[in-house]
Structures are given as structure tokens and as C-alpha cells.
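Reader: Could you take me through one part of this model in some detail? I would enjoy a close look at a sheet and at the backbone around it.

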Amino acid sequence: MRSSLALSLVWISASVYAEAGSAQPVEVAVAESLADLSLEELQNVVVTSVSRRDQPLLDAAASIYVISGEEIRRLGATTLPEALRLAPNLQVAAIDARQYAVSARGFNGNISNKLLVMVDGRTIYSPLFSGVFWDAQDFVPSAIDRIEVISGPAGATWGTNAVHGVINVVTLSAAKRQGAHVTTNVGNLERSIVGRYGFVLGADIAVSAHLKRFERDASEVAGAGNAGDSSRGTSAGFRADWARGGDTVMLKAGVYNGTTDSRPIYGAVDLSGSNLTARWSRRLDDTSNFDVQVYFDNTKRLDNFLLQDDAQIFDVEAKYRKTLGGHRLLAGVGYRRAKDRSTPGLIFAFLPAEQTQTWYSGFLQDEFSLTQEFAATLGLRMEHNPYSGWEALPSVRLGYKIADDSLAWGALSRAVRSPSRFDREIFVPTKPPFVVAGGPNFTSEIATVAELGYRTQFGTGASLSATAFVHDYDRLRSGEVVGKAFQFENKIHGQMRGVEAWGSWRPRINWRLDAGLLWLDPKLRLKAGSTDPTGPSNLGNDPRVQWTLRSTHSMGERVDIGIAVRHVSQLPAPVIQSYTSTDITANWRVRRDLQISLGVRGAFDKRHPEYQGFSTISEIPRSAFLALTYQP
């Protein structure tokens with residue numbers, strides 16, 4: 001019923017606003033306020049995450065979706081996971097008021113570990129479990145240029161843990177963040193304010209800085225009231241960009257802290273951290289360039305229930321590009337060092353408490369044309385991790401340009417998820433005798449992935465992208481009975497098959513429809529001799545089907561209205577019932593320097609659960625917000 005009502009609302013509003021738009025001439029500026037680009041221009045969007053160079057989206061032989069910064073701001077998203085809901089090739093589920101489960105192509109969970117997430121080249125996953133603490137990520141919508149979302153393996157390009165995909169958050173340069181910008185958001189679940197200011201120093205240097213403060217109310221546990229996960233925090237950061245001749249330098253830094261309400265016995269969850277990223281690029285000549293990036297990341301987490309951890313990561317990578325004849329060559333080396341100290345919580349401990357890990361890698365890539373229509377990309381990365389040693393990550397990608405506006409592509413890749421401290425060094429309870437005694441024999445999880453994709457544009461008003469994939473897994477994590485305890489080993493294998501597709505259609509210059517579909521078919525099983533009592537159900541909890549539909553309209557030059565419907569089918573273990581959620585957002589440009597936004601999330605559903613937590617299942621309530629944006 002709710003699903004039918006939401007879909008009816010999309011189509012009824014489409015008719016109403018389409019008629020409103022035809023009542024008077026529509027200027028080109030109206031189309032630009034409706035969406036960042038026309039669909040024709042969208043096909044020429046430049047992406048960098050597939051081959052680590054600038055290339056048109058249409059030519060990228062991968063399943064990639066680009067979320068524009070303007071879409072994020074129009075949606076009213078205040079957290080990175082909420083912005084990622086715009087990508088139809090991702091699974092995004094709110095666990096509670098602070099944490100999310102985010103994955104691509106399955107295996108979603110509290111500790112998802114097969115998706116590489118970066119912000120301007122800085123990896124933000126934790127060395128504890130190879131996943132992301134989403135509540136610790138600073139997110140300033142006004143600073144986002146785009147988010148490139150690759151579903152499917154990218155290990156040859158980006159390294160281990162990019163098994164199911166890559167999320168690359170690209171922020172605007174300081175030169176594009178000039179002047180003052182203030183956004184305040186008031187709602188029944190969240191309040192926030194973000195201030196940003198940019199200026200120039202001389203002719204070569206642009207600088208921008210921001211300050212953010214937020215408060216977020218608690219979710220609810222079914223039948224038990226307040227979940228006790230309300231939170232608040234502050235973050236600040238700056239970015240400076242310098243360019244002269246063939247040299248460019250980027251320097252970026254951020255700090256944050258946050259806390260929750262104090263819980264009985266366990267107290268509050270306290271977060272803090274800082275990071276610094278520097279990148280230097282030099283154009284050597286018309287056919288070659290070189291760049292090096294260094295970052296340092298420090299994170300602290302105090303949670304007496306789960307864990308207390310203090311981690312420092314140092315990372316450096318150098319790349320050299322050369323065009324030689326018909327070949328685009330890329331070569332690089334990387335080094336990472338992570339040191340962390342983990343104090344036991346109530347449930348588990350990491351032993352030893354202190355650990356220092358190092359990774360190093362080298363990679364080569366060659367892009368070349370086989371014929372005028374056929375192009376190939378061969379890549380190989382060799383990466384060494386502290387647990388399983390050297391891993392080879394090869395890939396082959398082929399693209400066939402059917403026409404100027406159509407591309408068929410295929411890829412075959414070997415992807416690796418290397419062990420983390422969670423796999424090798426977790427113990428439950430915190431003192432012997434242990435029920436879970438780490439995983440001394442745990443080694444890398446392996447996936448051999450085949451993909452076939454098609455991307456096309458129909459005239460200037462519609463586009464379509466579709467990908468079919470098969471992930472063939474070996475050595476997935478299992479829990480084996482060893483003596484009187486469980487240990488992690490690699491005795492699950494099988495396949496994940498699926499289809500992901502999305503498209504856009506602009507029936508009028510002031511009206512755009514976007515739709516997406518993801519279908520998953522897991523076929524996983526225990527290997528012979530396994531003593532795992534639960535089997536593959538512990539690897540993730542995924543819907544078989546999810547679909548999205550968005551309608552965006554411009555009503556004149558000052559008002560646009562967006563309606564987004566998202567359906568997720570039932571999760572099997574534990575069972576989370578299927579749900580359909582509808583978000584409605586209206587933006588009114590009162591003046592050139594002032595915008596008012598109104599929004600409702602979950603408009604036709606008072607509350608619903610989306611994912612299970614470690615000990616409870618929270619319900620995500622309907623929310624409403626009013627936002628004011630001032631930019632003189």
C-alpha cells in the first residue's frame with residue numbers, strides 16, 4: 001500500500017509540475033537548476049576512479065555511478081551515508097541514529113569489509129576490521145564536487161579490500177569555495193550548522209576553511225523506547241590549493257570530536273580525530289606527469305561496551321604516467337603504516353593490545369586500443385600485507401564503442417580482502433577461557449569476478465547503464481570449532497550473482513526521472529570438513545531486490561521539488577521486513593544569496609527498522625527538516 005501510494009505521488013506530481021512548467025517559456029537556466037547537467041553533458045562527465053586518470057564517464061569500462069554535489073545539496077543530506085543513498089549500485093541501511101551498513105553487491109553488515117572508501121585519496125577505513133566507522137566521518141555537503149561510486153572489484157587500481165567496489169569522495173578545490181557560505185538545518189531528529197569561508201593569497205594560492213556543529217536525536221528500539229544513541233559533535237577543516245606552471249599542490253586538514261548521551265553502566269561513546277593530506281603533482285611534458293600523495297590520520301574511539309581504540313595511519317603513494325605511442329602507462333608504489341592500541345570493552349578484546357602493521361605495493365597499468373572501436377586496459381598490483389604476505393591483483397578490461405553514445409564492456413578481475421585484526425586477533429570474552437580465540441590460520445579472502453556491462457544514451461533525453469556480474473569466492477571467513485573455542489578460518493565458498501541497472505529520462509527540460517534496480521542471488525556454502533554452526537548467514541544480511549525511483553522538477557527559476565522512493569525487500573537473517581521509504585524535498589531560492597529547503601524523510605511510514613545492531617534492532621523514525629543556506 002505504501003509503495004503504491006509513493007509511486008502514485010511521483011507520477012501525479014510529475015503530471016502537475018510538467019503542466020506548470022509548460023504554462024510559460026522555460027529558460028535554459030531552469031534546466032541547470034533542475035540537474036547539474038543535461039543527459040548529453042552527463043555522458044561527458046569526467047571521472048578518475050576507474051583508471052586513475054581523467055576520462056569521460058561514457059568511456060569508463062566499469063559499473064560506475066556519479067553523485068553530483070548539487071544532487072547532495074538538493075537532497076538535504078547531512079551525513080555521507082545519506083548522500084550515498086543516491087547511488088543505485090549501493091546498499092545503504094541505517095543501523096541506528098549513528099551507524100550505517102554500507103556495501104555493494106552484498107555482504108552488508110555492521111562490519112562490512114569489502115568496500116574501499118576514500119576522501120580525496122585518503123582511505124578512511126579502520127585497520128581493526130577493514131571497514132568504516134561512519135559516525136566518525138566529517139561531511140560538509142557544500143564542499144563536495146562529486147562522489148564516484150564503482151561497484152565491482154578495483155584491486156588492480158586501488159589495492160586489496162576494493163573487492164566489491166570503491167567510493168571516492170572528491171571535494172571542491174579551494175578556488176571553487178570562495179566567499180562565505182552558511183547552512184543551518186533544524187529538524188525533529190537533527191540540528192546542524194555549517195559555516196565556510198574561502199579567500200585567495202596572491203595570484204597562486206586559494207584557501208577555504210569550515211566549521212560544523214551538529215546534534216542528532218536517538219533512534220528507538222521496538223517495544224523498549226529510546227535506544228540511547230543520541231549524539232553531538234564538532235568538526236573543522238581547511239583546504240589550500242596552489243598552482244604555478246606545471247606544478248600543483250593541495251594541502252588539506254581536518255579535526256573532529258563527538259560524543260553520545262551517557263548510557264547506564266557503559267557511559268558515553270566518545271570520538272575524536274585529526275587528519276592531514278598533502279599532494280604534489282608535476283607535469284613533466286606533454287606526455288608524462290608525476291604525483292606523490294602523503295596523509296596522516298589519527299582516530300580515537302572510547303566505548304566501554306565495545307572497544308577503546310587509538311590508531312595512527314601514515315600513507316604515501318607515488319605515481320608516474322606516460323603516454324607512449326598508443327599506450328597510456330601508469331606505474332606506482334605505495335607504503336602504509338598503521339599503529340593502534342585497543343583497550344578491551346565489555347564483550348571482546350584485541351590481543352595483543354598494541355599492534356603495528358605495514359603494507360607496501362607496486363602497480364602497473366596499460367591502456368591501449370586494439371582497433372578503432374576496441375580498447376583494453378591491463379592492470380596488475382602486487383601488494384604485501386602483514387598477515388598473508390604478497391597478493392597478486394590482476395585485471396583485464398575491454399571496451400567496445402558501439403557508437404559515439406554507446407559502450408559495451410567486460411572485465412575479469414582477481415580481488416583480495418586481506419586479513420585485519422578482527423580476523424586474526426579478536427578474543428571473546430576479554431580474558432580466558434575464551435569462547436572466540438582469534439584466527440591464527442585466517443588468510444586472505446579471494447574473489448574471481450566476471451562482469452558484462454552496457455552504457456548508452458538515447459538522444460539527449462535518456463540514458464541507461466546495466467551490468468551483470470558473477471563473483472566466485474574462495475576462502476571466505478567462517479567460524480570453526482577448534483578445541484573448546486571458535487576460531488576464524490576460511491571455509492566458505494560459492495558465488496554471488498546479480499544485475500544492477502539504472503537510467504535517467506528527461507521528458508521535459510524541467511522534469512527529470514531517475515530509476516535504479518539491484519538484484520542479488522547468493523549461492524554460498526560451507527566447505528567439506530567445516531564445523532561452522534551458522535554457515536554463510538554470518539557474512540552479511542542482504543535484500544534480494546532493491547529499487548529506487550526519483551523525480552525532480554523545476555517550477556520556474558526559483559523552486560525545485562524532489563521525490564525519492566526507495567524499496568528494499570526482506571532481509572533473511574535476522575529477518576527485517578521489507579519496506580518502502582519516500583523522501584520529499586523542496587528548495588526555494590528566495591534571493592540570489594538565500595535558499596530555504598524543506599524536507600520529509602519516510603513521509604508515509606512512522607518508523608521502520610533497516611538493519612540489526614550488535615545487540616538490538618533500532619527503528620528509524622520519520623523526520624522533517626528546515627534548512628537555510630546563505631551565500632552572499
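Author: Happy to. Strand 6 (residues 115-119) runs parallel to strand 9 (residues 165-171), and 5 bridges join the two. One of the residues involved is Leu116, whose bridge partner in strand 9 is Val166. Strands here are DSSP runs of E with at least two residues, helices are runs of H or I with at least four residues, and both are numbered from the N terminus; two strands pair if DSSP finds at least two bridges between them. This is a predicted model, in which local features need pLDDT of at least 70, side-chain atom pairs count only at pLDDT 80 or more, and totals for chains, interfaces and linings use all residues. Residues are numbered from 1 along each chain as its sequence is written, and side-chain values use heavy atoms, with hydrogens and water left out.

The loop between helix 6 (155-158) and strand 9 holds Asn161. Phi of Asn161 is positive, near 80 degrees, although the residue is not a glycine. Most residues other than glycine have a negative phi. Asn161 is also buried, at 3% relative accessibility (buried means under 20% relative accessible area, exposed over 50%, partly exposed in between, with a 1.4 Å probe and protein chains only).
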